[in-house]
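Here is a short report for someone meeting this structure for the first time. Have the sequence and the 3D view open while reading.

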Amino acid sequence: MAEKDQQIHPIQPESYSPQSKRDVEATTTEQSKVAHRQKQKKWLLYGIAFVIFQTGIIALFSLTVMKVRNPKFRVRSATFDTFDIVQTTNHSFNLRTNVALGIKNTNFGPYKYDNSTMYFYYGETEVGSAVIPKSKAQFRRTKKFTVSVDLASTSLAGNSQLASDMSSGIVPLSSRSKLSGKVELMLIFKKKKPVDMDCTMEVNIAAQALQNIKCK
C-alpha cells in the first residue's frame with residue numbers, strides 16, 4: 001500500500017528566468033551590431049575602391065585624351081617640274097618644285113590652323129617661298145598636301161660658296177615656317193598650339209632629286 005501512497009511528480013523544465021531572457025536579447029543585439037559594423041566596413045571599402053578607380057580613370061583621361069601635344073610640320077619629299085642648272089662662270093639654279101608636306105596631329109581632336117608661308121633658304125638667303133592655305137589636320141591623323149615652290153638663285157649672284165656647292169653636285173637648302181592654330185578637344189576645349197617647321201635638305205644635281213631631308 002506504500003506504493004500507492006507514493007505520488008509521481010513529472011520532471012519540470014528549468015524555468016526561463018527574466019535574467020536569461022535579457023542575456024539572450026543582449027547577445028542578439030550585440031551580434032546585430034557586429035554584423036552592421038561589418039556591413040558598414042564592407043561598403044566603406046567599396047566606396048574607397050570606387051573613388052580610387054574613378055581617380056585612376058580621370059588621371060588616365062587627363063594624360064591621354066585631354067593632353068595637348070604640338071603637331072609636327074615636316075617636308076616629306078619633292079619632285080621637280082623644271083630643273084635648270086647653270087654650272088659655268090655664273091653658277092645659278094632655277095627650279096620649279098612640288099613639295100610634299102605633312103602635318104602630324106597626335107591629339108584626340110582636330111588641329112585647325114590659319115594661312116601661313118613657308119620659306120626656303122640657301123644659307124641665310126631666301127631663295128623661294130610658298131603659301132600654306134588654312135585647313136585642319138584631323139585627330140590622330142597626318143594631313144598630307146603638296147605646294148608648288150619656285151626656287152631661284154637670283155639673289156646669290158657672285159656667291160663663291162654656291163659655285164663650290166654646285167661644282168660638288170650638292171646644293172644644301174633649308175625650309176622654315178610657322179603655323180598658328182588650335183587643337184579642339186571634345187568640341188568644347190580649344191588650346192592654342194603654334195607649330196614650327198625647321199628642315200634641312202639637299203638638291204642632288206646629277207639625280208635631279210631632293211635628298212637627306214631632316215626636320216627638327
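## Salt bridges, sheet and rings

At 43% relative accessibility, Asp-150 counts as partly exposed, because that class lies between buried (under 20% relative accessible area) and exposed (over 50%), with a 1.4 Å probe and protein chains only. The model is predicted: local features need pLDDT of at least 70, side-chain atom pairs count only at pLDDT 80 or more, and totals for chains, interfaces and linings use all residues. Residues are numbered from 1 along each chain as its sequence is written, and side-chain values use heavy atoms, leaving out hydrogens and water.

**Salt bridges.** A salt bridge here is a side-chain nitrogen of Lys or Arg within 4 Å of a carboxyl oxygen of Asp or Glu. By this rule there are five salt bridges. The table lists some of them, including the one made by Asp-150.

| Salt bridge | N to O distance |
|---|---|
| Arg-96 and Asp-150 | 2.9 Å |
| Glu-124 and Arg-176 | 3.2 Å |
| Glu-184 and Lys-190 | 3.9 Å |

What does the bridge between Arg-96 and Asp-150 tie together? Arg-96 lies in strand E2 (residues 92-105) and Asp-150 in strand E7 (residues 141-152), so the pair ties together parts that are 54 residues apart in sequence. Helices (H or I, at least four residues) and strands (E, at least two) are DSSP runs, numbered from the N terminus. Arg-96 is partly exposed, at 31% relative accessibility.

The side chains of Glu-124 and Arg-176 also meet in a salt bridge. This pair links distant parts of the chain, 52 residues apart: Glu-124 is in the loop between E4 and E5, and Arg-176 is in strand E8. Glu-124 is exposed, with a relative accessible area of 64%. Arg-176 is partly exposed, at 30%.

Is Glu-184 buried or exposed? At 11% relative accessibility, Glu-184 is buried. Its partner Lys-190 is exposed, with a relative accessible area of 56%. Salt bridges that share partners join Lys-112, Glu-184 and Lys-190 into one network.

**The sheet.** Five strands form an open sheet, in the order E5-E4-E8-E11-E12, with antiparallel pairing. Strand E5 (125-132) and strand E12 (209-215) stand at the edges with a single partner strand each, so one side of each has no neighbour in the sheet. The twist averages 25 degrees from one strand to the next. Two strands pair if DSSP finds at least two bridges between them. Strands E4 (residues 116-122) and E8 (residues 170-179) pair over four bridges. Met-118 has Ser-177 in E8 as its bridge partner.

Helix H3 (residues 160-168) lies across E4 and E8, running at about 115 degrees to E8. Contact means heavy atoms within 4.5 Å. Axes are lines fitted to C-alpha atoms, for helices over the stretch in contact, and angles run from 0 to 180 degrees between N-to-C directions.

**Rings.** Rings of Phe, Tyr and Trp (its six-membered ring) pair if their centres lie within 6.5 Å; planes under 30 degrees apart count as stacked, over 60 as edge-to-face and the rest as tilted. There are two aromatic pairs by this rule. One of them joins Phe-80 and Phe-83 edge-to-face, at 5.1 Å centre to centre and 85 degrees between the planes. Both Phe-80 and Phe-83 are buried.

Charges sit over rings too, if NZ of Lys or CZ of Arg is within 6 Å of the ring centre and within 35 degrees of the ring normal. Arg-176 lies over the face of Tyr-121, 4.5 Å from the ring centre. The charged end of Arg-140 sits over the ring of Phe-108, at 4.8 Å from its centre.
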